[in-house]
Amino acid sequence: AADLTTNLAGELLRSESKISKGKSHQEWIYLLTFGVEVICMRVIAAIFAIIPDFILLLVLVIGLVSTDIKTAPIVILFFAIVVVVFHRLVSRKITVLGSDNSKNAILSNQRISEIIRTSKEIKLRGTEKYFLQEIYSLRMKFANSLSELTFIPFVSKYLIETLVIVGSAG
């Protein structure tokens, strides 16, 4: 993560025209810090977390095929359909939540920066409540989208477990 952040920051310094192409300073800070963390820790970690699930799935399929060759294709097809439908539904939701999460974090950081830079003016104008309410609202939106993003990976496991239990009971 440190190497990637350093390389991206170096690239940013070499081409200053990128700074003026519509991104605020807070967006660049977010991209160079949390954005890199997401790529390195969450995406790569998720890939490594999937490997044991695939091994378990392979063992289950081999066990199913060796136990009941007639039922195995139907069961495999059923679970494949469930996985495809679930993936399509969840991938859209994750994209929207991830985008909202990033936007709210950036906007929140911009507002906090603005308060730090202009605290005297805010006090003189008497707009403290407005700024605090705006930060509260942005941070709540951020927290809500983050909690949903954190919970989504568990939904697929719960879904598969429920299907297995219902299937074995029937």
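The model is predicted, so local features need pLDDT of at least 70 and side-chain atom pairs pLDDT 80 or more, whereas totals for chains, interfaces and linings use all residues. Residues are numbered from 1 along each chain as its sequence is written, and side-chain values use heavy atoms, without hydrogens and water.

Helices α2 and α3 pack at about 165 degrees, with their axes 13 Å apart; α2 and α3 are therefore roughly antiparallel. Their contact (heavy atoms within 4.5 Å) involves residues including Tyr-30 and Leu-64 of α2 and Ile-76 and Ile-106 of α3. By class, this contact has nine nonpolar, five polar and one charged residues.

The largest pocket holds about 2200 Å³ of space. A pocket is an open set of points on a 1 Å grid where a 1.4 Å probe fits, with protein on both sides within 12 Å along at least five of seven lines; lining residues have an atom within 4 Å of a point. Of its 46 lining residues, Ile-50, Asp-53, Pro-153, Ser-156 and Lys-157 are the closest to the centre. The largest share of the lining, 16 residues, comes from α2. The lining divides into 33 nonpolar, nine polar and four charged residues.

Key. Points joined across faces, edges and corners; volume = space filled by probe spheres on them. Helix = DSSP H or I, 4+ residues; strand = E, 2+ residues; numbered from the N terminus. Nonpolar A, V, L, I, M, F, W, Y, C, P; charged D, E, K, R; others polar. Axes fitted to C-alpha atoms, helices over the stretch in contact; angles between N-to-C directions. Parallel < 35°, antiparallel > 145°, perpendicular 65-115°, else oblique.
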